[in-house]
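Subject: Structure handover

Hello,

Here is the structure I promised you. Please open it and keep it in view while you read on.

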Amino acid sequence: MNERLRSAVDRLGVQPGHQVLEIGCGHGVAATMVCARLGDTGHLTAIDRSAKMVEAAARRNARYVEAGVAEFLVGELEELDLGERRFDTILALRVRLFHDEPERARALAERWLAPGGTLLAEYDEPG
C-alpha cells in the first residue's frame, strides 16, 4: 500500500466507532485503510467529484459498503450537503482546493467537524 497514505491515516488516529469523512477519495486506497480501523460501529463517508473515481473506490471497498461501514458519493466540497451529520475525523489528501484556497476549503469542511474532531488536509503534487 502507498506509504504516503498509510502515514496520513496513521496520524488521523481513527478508532472503532468513529465517523469519518474523506474528501477526494480517488481510487479508495485510503478509504480501505480507514475502514479497516472502524470496526462494526464506525462509518466512512467518502466523496469525490469524479463518478469514475467513486465507482472505483466503491468497487475496491465493496465489502465495507455491503457491511454498511462505508458509502461513496459523487460530489464537490463547495456544493456538498450532509445535513446535520458530524464527523470525528475529516481527511482531504491531494484536494487542490486546500492548496489553492486553504482558508475557504477549511471553512467548508469544518462545518461537518464534530466538537474536538480532527481535520487533516495535505496537498502535494502527484508524482
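Below are notes on a pocket, a strand and some salt bridges.

One caution before the details: this is a predicted model.

**The pocket**

Start with the largest pocket. Its volume is about 680 Å³. The lining is made up of 28 residues. Nearest the centre lie G24, D48, L93, R94 and V95. Several elements supply at least two lining residues each: α1 (3–12), β1 (19–23), α2 (29–38), β2 (43–48) and α5 (96–100). The largest share, three residues, comes from α5. Sorted by class, the lining holds 13 nonpolar, six polar and nine charged residues.

**Strand β2**

Now look at β2. Is this strand enclosed or open? Six of its six residues are buried, so β2 is largely enclosed by the rest of the structure. In a regular strand, side chains alternate between the two faces of the sheet. You can follow that here. H43, T45 and I47 point one way from β2, while L44, A46 and D48 point the other way.

Then check what pairs with β2. β1 and β2 run parallel and are joined by five bridges. Opposite L44 of β2 stands V20. To get from β1 to β2, the chain passes through α2, and this β-α-β crossover is right-handed. Strand β3 (residues 70–74) also runs parallel to β2, again with five bridges. There, L44 has A70 as its bridge partner.

**Salt bridges**

Side chains of opposite charge can pair when their charged atoms come close. The whole structure has seven salt bridges. Here are three to find.

- R6 and E3: their closest N and O atoms are 3.8 Å apart. Both sit in helix α1, three residues apart, so about one helical turn separates them. R6 counts as partly exposed because its relative accessibility is 29%. E3 is exposed, at 54%.
- R11 and E122: here the closest N and O atoms are 2.3 Å apart. This pair links distant parts of the chain, with R11 in helix α1 and E122 in strand β5 (residues 113–122), 111 residues apart. R11 is partly exposed, with a relative accessible area of 47%. E122 is partly exposed too, at 28%.
- R85 and E71: their side chains meet at 2.6 Å, N to O. R85 is in the loop between β3 and β4 (87–93), and E71 is in β3, so the pair ties together parts 14 residues apart in sequence. R85 is partly exposed at 32%. E71 is partly exposed at 24%.

Best wishes

Technical notes: Residues are numbered from 1 along each chain as its sequence is written. This is a predicted model: local features need pLDDT of at least 70, side-chain atom pairs count only at pLDDT 80 or more; totals for chains, interfaces and linings use all residues. Side-chain values use heavy atoms; hydrogens and water are left out. On a 1 Å grid over the protein atoms alone, a cavity is a set of points where a 1.4 Å probe fits but cannot get out, and a pocket is an open set with protein on both sides within 12 Å along at least five of seven lines; lining residues have an atom within 4 Å of a point. Grid points are joined across faces, edges and corners, and a volume is the space filled by probe spheres set on the points. Helices (H or I, at least four residues) and strands (E, at least two) are DSSP runs, numbered from the N terminus. Ala, Val, Leu, Ile, Met, Phe, Trp, Tyr, Cys and Pro count as nonpolar, Asp, Glu, Lys and Arg as charged, and the others, Gly among them, as polar. Buried means under 20% relative accessible area, exposed over 50%, partly exposed in between (1.4 Å probe, protein chains only). Two strands pair if DSSP finds at least two bridges between them. A crossover is right-handed if, with the strands pointing away from the viewer, the path from the first strand over the helix to the second runs clockwise. A salt bridge is a side-chain nitrogen of Lys or Arg within 4 Å of a carboxyl oxygen of Asp or Glu.
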